[in-house]
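Subject: Structure handover

Hello,

Here is the structure I promised to pass on. Please open it first, then read my notes below.

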Amino acid sequence: DTANLSVQLPKSAIDYAEILDEPGLTAAINVNQVALFTGEMTDLVTIEITTPAEGYILLHGKCYLLLSGTTGPNNAFVQIDDDLGGPSEFPYYTVAGLGGYVNTGTSYFPIYVTRIFFANAGTYTFRMEGRASFPPPAEAKSWDHYLTAVYYPSAYSAVKSLVTSSSGF
């Protein structure tokens, strides 16, 4: 059809470096088991992404929690953040666990977290991090950590946050 004003280019005719502000993707994985402790967050996996211009960075993370050692309450928090350590940040965390267990054996929980940051052109490091809620004998560990970061140059509607921050929105 020649009347629709379209242009047909051969494959590989335009390279990513020739496209201004194209979306980009990066991913990181850490399959090692990580012990979680009460207090500050512990890094589970980190990721670095470089953005060519201002835009949004959408992060998706997943892992598994292993909770054991007590018949009492035991849970843990997992979140995505751009700061090392620190507290849980509502509403960006996922918490998993129970108020009591039938024995001190092991219970497993799948975790999924997501977060959006606004960023200027530059290189950024993000982390999926976790912390335990209860001290020993309760144990909290995580493994199979997978974190994906996608850069988007624009949004098609308002992107909102509960807390305004220089590193966030």
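What is the order of the strands in the open sheet of 4 strands? The order is β3-β8-β5-β6, with antiparallel pairing. Two strands pair if DSSP finds at least two bridges between them. β3 (42-51) and β6 stand at the edges. Each has a single partner strand, so one side of each is left without a neighbour in the sheet. Neighbouring strands here are turned by 10 degrees against each other on average, direction ignored. For such angles, axes are lines fitted to C-alpha atoms, for helices over the stretch in contact, and the angles run from 0 to 180 degrees between N-to-C directions.

Before going on, some ground rules. This is a predicted model, in which local features need pLDDT of at least 70 and side-chain atom pairs count only at pLDDT 80 or more, while totals for chains, interfaces and linings use all residues. Residues are numbered from 1 along each chain as its sequence is written, and side-chain values use heavy atoms, leaving out hydrogens and water.

**The chain as a whole**

The chain has 0 helices and 9 strands. Helices (H or I, at least four residues) and strands (E, at least two) are DSSP runs, numbered from the N terminus. Of the 169 residues, 35% count as buried. Buried means under 20% relative accessible area, exposed over 50%, and partly exposed in between (1.4 Å probe, protein chains only). Take contacts between residues at least 6 apart in sequence: 80% of them join residues at least 24 apart. A contact means heavy atoms within 4.5 Å.

**Strand pairs**

Strands of a sheet pair through backbone hydrogen bonds, either parallel or antiparallel. I80 stands opposite M128 in β8. Now look at β4 (residues 55-68). It is joined to β7 (residues 107-119) by 13 bridges, and the two run antiparallel. K62 has Y112 in β7 as its bridge partner. β4 also pairs with β9, again in the antiparallel sense, over 12 bridges. There, Y64 stands opposite W143 in β9.

**Aromatic rings**

Rings of Phe, Tyr and Trp (its six-membered ring) pair if their centres lie within 6.5 Å; planes under 30 degrees apart count as stacked, over 60 as edge-to-face and the rest as tilted. By this rule there are 7 aromatic pairs. One of them is F77 with Y93, edge-to-face, at 4.8 Å centre to centre and 75 degrees between the planes. F77 lies in β5 (residues 74-81) and Y93 in β6 (residues 93-98), so the pair ties together parts that are 16 residues apart in sequence. Y93 is partly exposed, at 27%. Y64, Y108 and W143 form one aromatic cluster.

Most residues other than glycine have a negative phi, and most peptide bonds are trans. Which residues does a cis peptide bond join, with omega about 5 degrees? They are F90 and P91. P91 lies in the loop between β5 and β6. Another cis bond joins P136 and P137, with omega about 20 degrees. P137 lies in the loop between β8 and β9 (139-152). D144, in strand β9, has a positive phi near 55 degrees.

Best wishes
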